[in-house]
Amino acid sequence: MPLGVLLTNRQYRSMPTHGIGRYRHLLPKALPKKKKDKIQAKQIKAPTATEFGVLNVCVSGYDLTLVEHYSQYIHNLCSHLDIKVDECYALPTKSTEVMVMQEQGTKMYLDGVLKTHERVVQISEMKATLFPILAEVLLKNQPEGVQLCIKQHTEADFQARFKTRPELQGLIAKINN
Amino acid sequence: MAAPFTRVYRPLWRIITTTTSNGRVRNVSYTRQQWSAQNVKTAGAAASPWALHGAVCVQRLPVVSQDRSPIEEKFMELMQQMELERSLLADHELKLLDDAARMSRKQEEDYDSDEEEDYKDKEIVTAQDLEDVWEQKLKEFQPAPRTQGVNQKDVSSSERCLADSLILLVKKDIGSQKLWLLPQIQWQMGETLRQTAERALASLPGADLKATFLGNAPCGFYKYKYPKDIQKEGTVGAKVFFFKAVLSSHKHLPLEKNSFAWVKKDELQDFLKPEYLKQVRRFIMAL
């Protein structure tokens with residue numbers, strides 16, 4: 001009887017098929033989900049003698065299909081020419097109401113609503129020698145009714161994308177006062 | 001696309017790494033001049049035997065889009081038809097159908113207007129009335145004409161061929177001959193080549209052209225040797241650097257017919273000499 005207790009050879013760990021069903025070690029390490037951090041402004045690179053820093057190519061217009069297709073064309077052109085495209089985003093649509101004055105009377109009535117769409121393609125580290133070529137190609141392929149604007153990216157441009165939080169600002173003002 | 005640059009590109013990189021940048025220099029041509037100036041200082045009074053010129057390639061960009069070819073027209077119609085067939089009805093079209101159904105119901109004898117829902121304001125203005133008003137307004141609208149009425153062959157007007165981009169050429173006398181060239185002027189000490197090009201544009205007699213320069217880097221290069229009799233000691237010939245600019249003001253002052261020309265890319269060969277044309281063609285895009 002004591003023999004059975006002594007003869008404890010745990011063969012299963014030395015079996016060649018030990019651990020045959022293991023897969024957990026193959027999955028990617030799932031980090032614990034962290035809370036969303038406040039979106040920091042990326043460091044805006046300064047321009048050097050041969051390269052521009054960060055440029056914003058803004059395409060705006062009333063016709064959405066034209067604006068959208070033109071911005072896609074710019075994006076594809078830049079990636080084809082190996083120009084680094086940081087981001088490609090859209091700014092909120094602005095609606096303009098066209099009011100027409102009535103002939104007999106002082107009241108204005110609504111004639112129509114015009115929506116201005118805007119798309120921005122952000123380019124960084126663009127060589128100064130390549131810039132004139134790119135600018136010329138963009139200008140020559142600009143469709144009718146679409147405005148093109150190339151300007152440098154600033155902190156103010158980045159902040160303009162966020163919505164204002166009036167309650168938070170009111171509370172902060174109250175705390176300070 | 002990098003082809004027009006291979007000539008100028010390599011020496012520029014060398015300069016940027018060797019000379020220290022001067023403060024606010026974004027100006028590649030500025031450091032180039034620095035390099036040649038340094039050369040002058042080190043080698044004594046041995047100036048380069050080539051005279052430098054700055055030239056400007058002013059382009060009037062196309063104002064209207066190009067006309068479609070027959071195949072493009074047919075394809076466009078086909079795509080529009082397909083899109084129409086696949087689309088859903090808009091709010092306006094639904095209202096039209098509703099109004100038509102209501103009309104037909106009104107004609108019947110056992111019509112009871114109290115049974116209608118949401119009927120209050122639509123009695124006054126139906127969707128069809130709105131559509132008629134809109135059609136009227138559309139008929140009153142006159143779009144601008146596409147050609148502006150200028151003769152397409154009149155080379156001195158900058159309003160010709162609104163669908164293509166035009167380049168400005170001037171007739172200048174070089175040596176003993178009168179030649180058509182891009183506006184160019186000699187470089188002076190102490191200015192960048194881009195400023196030379198701006199000066200070349202401003203010095204054109206009679207024309208008040210405002211142009212935006214696209215960059216500090218030249219887009220092309222041409223060198224020619226002076227004929228033997230003009231070659232003084234030291235100067236072998238001239239090197240011309242071209243800069244690109246886009247016409248910004250559209251003032252049409254009447255330019256003298258024989259000295260200015262606005263030409264398309266394929267008309268360049270009627271005006272320029274073959275060697276010059278070969279270099280100029282490399283950087284002009286006919287898109």
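**Exercise 1.** Which residues in α4(B) meet which residues in α5(B)?

*Solution.* This is a predicted model, where local features need pLDDT of at least 70, side-chain atom pairs count only at pLDDT 80 or more, and totals for chains, interfaces and linings use all residues. Residues are numbered from 1 along each chain as its sequence is written, chains are lettered from A in the order written, and side-chain values use heavy atoms, leaving out hydrogens and water.

Start with the contacts (heavy atoms within 4.5 Å): His92(B), Lys95(B), Leu96(B) and Asp99(B) sit on the α4(B) side, and Ala127(B), Gln128(B), Glu131(B) and Trp134(B) on the α5(B) side. Sort them by type, and you get three nonpolar, two polar and three charged.

Next, the geometry: the axes of α4 (residues 91–107) and α5 (residues 127–140) of chain B come within 8 Å and cross at roughly 130 degrees. α4(B) and α5(B) are therefore oblique to each other; that class is what remains after under 35 (roughly parallel), over 145 (roughly antiparallel) and 65 to 115 degrees (roughly perpendicular).

**Exercise 2.** Find what Arg161(A) forms a salt bridge with.

*Solution.* Look for a Lys or Arg side-chain nitrogen within 4 Å of a carboxyl oxygen of Asp or Glu. The partner is Glu87(A), with the closest N and O atoms 3.0 Å apart. Now place both ends: Arg161(A) is in the loop between α4 (155–159) and α5 (166–176) of chain A, while Glu87(A) is in strand β2 of chain A, 74 residues apart. Over all chains, the search finds 11 salt bridges.

Notes:
Axes are lines fitted to C-alpha atoms, for helices over the stretch in contact, and angles run from 0 to 180 degrees between N-to-C directions. Helices (H or I, at least four residues) and strands (E, at least two) are DSSP runs, numbered from the N terminus. Ala, Val, Leu, Ile, Met, Phe, Trp, Tyr, Cys and Pro count as nonpolar, Asp, Glu, Lys and Arg as charged, and the others, Gly among them, as polar.
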